[in-house]
Structure formats: structure tokens, C-alpha cells
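I opened my notebook to look at rings, charges and backbone angles. Here is what I looked up.

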Amino acid sequence: MCFLSIFKKNNTLETVEIKEKGIEVSKQLITQKIWYKIMKYNNSFHKGENRPVENITYAEALKFCNLLSKKENLMPVYSEEYIKKWEKANNSNNLIVNLLNSSVDIKNSEGYRLPTEEEWLSFLGYTDFFEIEDISWNAKNSNNETHEVGQKNANEFGIFDMIGNVWEWCDCMIAKGHCYSDYLTNIEEIREAKIEEIKNSSKIGFRVVKNFKLKVYDEYIF
């Protein structure tokens, strides 16, 4: 398990290597502080700089990934044309199907991106016995709002908030992980659950991944 500091001190976005998948995963959900630093706005419903950003569309999450990649001099994963198509997406089934059939070469990509559903499941963790309240903000303990990231126990990879707090955008417009208003039961139901959404919601945030290289970077300061 390897941790890389991308931001410095209070602006930290740390990543964990999932070697079997060849990816680095952000240890925390993207916070409103980091979102604002990259995007220069914050439309989150539950305000708090260390709370997860939410109330963002799938297309906005793709934009964030590209801008973060550019900050690190990495090749962005998503083309502008691809993002614009998602920005124009509505509830037309034909339009959505066409978009889902659009190809993005994530295998050979360099920059930050959203995880695929398979990748997300690979670092979900929690294979050992656990108490739901110890690892997640959910309907029983959240007071119907998000909370600062990293306040609950991490999984065995050292990743926080994989369950609860906010759903997480994944590739192909699905979200995984449940949120602060959900009643959670067992890990198998959590693994299977997902939602498909293209509109913004106060219940959906995200974390980023990227393919890792052998070179380990030290600290990157904006």
C-alpha cells in the first residue's frame, strides 16, 4: 500500500495504489475545498470546505478530472467533445445509450478520471466484519446531511467514506456506495446497489483514480 501526497498539508489529496488494478485512488472523497481550488465555484447543498462536494453533474466531474490532470501536466482523459455531449444529455434514452456506447481509452490514459464500476468494487473493501455506523454516515447517524470526509474508519486499503456520506460517480454515468440518507444493511446489498443519474444531486459526489506509473511523485503545490 503506497500513499502519494498530491496537494500539500490542508489541501491534501492523497492516493492509494491498488496494484492488482494498476490504479491510484484518492484516499478521500473530493472535498469542497479541493473542488473550489480547481473549479472556482461551489454549488454544494451541504456547505463545508472539508465536506464532500456534491450537487454536481456527471459532466462536471469529468471536467474536474481534466483540469486536475492539466495542473499536474498529465494528458486529460476526456475529450471536450465527449464532455459537451454529456452536458447536453437529457432524459432521452436514445441519447444516453449513444453516450454510453462512446469509447474512452482508459487503459492507456495518463490523467485523472472516474473509476469504472469494476474498479470501484475492487477497492470497496470491508471484507471483514464491521459495524455500519463505524464506517459510514447513513440514515441512522447523519442527521440527514453530509459530514466532513475521513471521520469514519477507513477500509483495509486506507480509503475513507466508501460507504455512505455521498454516492460516488463512476464511469458510464452510474453511482455507487450509498449516501447519508440511506438505510444500510449488509455489504452484499451495498456492493450490488447502484443508481443511474445524469442530473446533479445533493447525494452524489465522487473520488478520482488514475493509472499509476513506477515513478513516485513527492508533493505537488498549486
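How many aromatic pairs does the count come to? I got eight aromatic pairs. I keep in mind that this is a predicted model.

**Entry: ring pairs**

I began with tryptophan 35 and tyrosine 41. Their ring centres are 5.8 Å apart and their planes stand at 90°. Planes over 60 degrees apart count as edge-to-face, so this pair is edge-to-face. I then checked burial. Tryptophan 35 is buried, at 0% relative accessible area. Tyrosine 41 has 26% relative accessibility and counts as partly exposed.

Next I took tyrosine 58 and tryptophan 86. The ring centres lie 4.8 Å apart with planes at 65°, so I noted this pair as edge-to-face too. The pair links distant parts of the chain, 28 residues apart. Tyrosine 58 is in helix H2, and tryptophan 86 is in helix H3. Both residues are buried. I also found them in one aromatic cluster with Tyr78, Tyr82 and Trp169.

**Entry: charges over rings**

Which residue lies over the face of tryptophan 137? I found lysine 152 there, 4.3 Å from the ring centre. I also looked at tyrosine 112. The charged end of lysine 210 sits over its ring, 5.7 Å from the centre.

**Entry: positive phi**

I looked up asparagine 165. Its phi is positive, near 70°, and it is not a glycine. Asparagine 165 lies in the loop between helix H6 and strand E4. Is it buried or exposed? Asparagine 165 is buried, at 0% relative accessible area.

Histidine 178 also has a positive phi, about 70°. I placed histidine 178 in the loop between strand E5 and helix H7. Its relative accessibility is 12%, so histidine 178 counts as buried.

Technical notes. Residues numbered from 1 in each chain as written. Predicted model: local features only at pLDDT ≥ 70, side-chain atom pairs only at ≥ 80, totals over all residues. Heavy atoms only, no water. Helix = DSSP H or I, 4+ residues; strand = E, 2+ residues; numbered from the N terminus. Buried < 20%, exposed > 50% of the residue type's maximum accessible area, 1.4 Å probe, protein only. Phe/Tyr/Trp six-rings, centres within 6.5 Å; stacked < 30°, edge-to-face > 60°. Lys NZ or Arg CZ within 6 Å of the ring centre and 35° of its normal.
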